[in-house]
Amino acid sequence: MAKKKSSKSQYYKDYLRLSKILDSQNLISDEFNQHAHDEMLFIITHQVYELWFKQIIYELDSILDIFEVQNIDESNIGTSISRLNRIIEIQKILVDQIRVLETMTPMDFLDFRDFLVPASGFQSVQFRKIENKLGLLSKNRFSYGGANYKSYLDKLDNKEVTGSESGNTLFVLIEKWLERTPFLNWGKTSFWNEYELAVKKMLSDDRAIIETNNKLSEDEKKKHLNEYKKTELSFGVVLNEKEHSKMVNNGSWRLSYKATQAALLILLYRDQPILHNPYLLIAKLADVDELFTTWRYRHVLMVSRMIGKKIGTGGSTGSTYLSETAQKHRVFSDLSELTTFLIPRSALPKLPREIKDKLNFYFHVKKEQ
Ligand code: HEM
């Protein structure tokens, strides 16, 4: 039962628990009687990050709840898009915030850096939970010195992060949702059959343009055709299920064959009203992934400026380790890379009437008698 509204009026400081928050900046340099002015900025910046991480996890959990249901209410897709958008706006602040910390010079940092060892952002439990909830797989993590990323955490934190490894991840739930897309079957044919025919026609038309170009010498034609072969091969990878499996096995692609087809259908026919929200959802997920990567690159730039080639306080190879994670810890890169397989609107297979009808919104007006 909902609690009755209390007659006691709220007080700003108490409601926001400000006594706790504002009493949580204890400079370690002071404990050693070597006050370092910039340590306050260092602590507050990290605390602000952790608060935003908390908000991101809160939004992510609510989106996971929505996608755990088999038949998702369309209005909930809209809610997920708004919440992903909120995460995106927070991420932009997270990237920008680095500039504030950069007002601390490397010499100012050296005044207290040694007191921090072996603490490091590497031990941020919330950051690891975000990575895991998005769907970063343990086997895809870059580790330094062969050590597991959790071995730097204390027992309690280790348990909490381990818990976040086993739940449903956004990647898996989105993949399942894509696989349930009902518009792949076009009655007598299928989206995939028609798409394959359209791609083959587009490729042979493009090849013919090179072959019949009188302005090119035979040598130049050969070179152009060799280059064009790469485009043909890249389409082969998505059209051929065996090639797709090979890519999944070697780790260069993750999305299942069916989910890849559905995502492509959504991107190609996004102008159709019913596909508009699914398209926005895919675009927002790609944004979230890109912005985390942007943060990682921005963080590594700051780190190399701040400590050069020194090792990190957490003991890693510092900027070398961080550059690796920026490249390897992406979760939704498949969604951005799908653009490789887009074809121009003019080459798109025409939607069969009954599919087109299903993809449209209809407003029925009852005729007056
Ligand atoms: C003077 C500023 C900073 C420096 C020099 C710095 C340095 C580093 C280094 C060297 C690492 C690699 C692990 C290690 O050996 O310690 C690292 C990891 C990390 N740092 Fe920072 N950092 C700074 C500020 C921040 C801030 C403000 C945050 C915000 C929370 C942050 C979050 C992280 C995270 C999440 C990791 C783990 C990244 C991963 O494993 O991919 N760092 N940092």
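**Charged pairs and their surroundings**

Tutor: Helices here are DSSP runs of H or I with at least four residues (strands: E, at least two), numbered from the N terminus. The model is a predicted one, in which local features need pLDDT of at least 70 and side-chain atom pairs pLDDT 80 or more, while totals for chains, interfaces and linings use all residues. Residues are numbered from 1 along each chain, and side-chain values use heavy atoms, without hydrogens or water.

The side chains of Lys201 and Asp205 form a salt bridge, with 2.9 Å from N to O; the term asks for a side-chain nitrogen of Lys or Arg within 4 Å of a carboxyl oxygen of Asp or Glu. In general, side chains of opposite charge can pair when their charged atoms come close. Lys201 counts as exposed because its relative accessibility is 53%, whereas Asp205, with 37%, counts as partly exposed. (Buried is under 20%, exposed over 50%, partly exposed in between, with a 1.4 Å probe and protein chains only.)

Across the whole structure, the search finds 20 salt bridges. One of them joins the side chains of Glu131 and Arg296, at 2.7 Å from N to O. Glu131 belongs to helix α8 (residues 125–134) and Arg296 to helix α15 (residues 276–307), so this pair ties together parts that are 165 residues apart in sequence. Both Glu131 and Arg296 are buried.

A further pair lies in helix α13 (residues 241–249), where Lys246 and Glu243 are 3 residues apart and therefore separated by about one helical turn. Their side chains meet in a salt bridge of 3.3 Å, N to O, and Glu243 is partly exposed, since its relative accessible area is 28%.

His299 brings us to the pockets. The largest pocket has a volume of about 1200 Å³. Its lining is made of 44 residues, and the closest to its centre are His46, Ser120, Gly121, Phe122 and His299. Two or more lining residues come from each of α4 (39–67), α5 (74–101), α7 (113–116), α8, α15 and α16 (319–328), and α4 gives the most, with 9 residues. (On a 1 Å grid over the protein atoms alone, a pocket is an open set of points where a 1.4 Å probe fits, with protein on both sides within 12 Å along at least five of seven lines; lining residues have an atom within 4 Å of a point. Volume is the space filled by probe spheres on points joined across faces, edges and corners.)

The second largest pocket has a volume of about 430 Å³. Of the 16 residues that line the second largest pocket, Asn140, Gly251, Ser252, Arg254 and Arg330 lie nearest its centre. Helix α13, which holds Lys246 and Glu243, supplies at least two residues of this lining, as do α16 and α17 (333–337). The most, 3 residues, come from α17.
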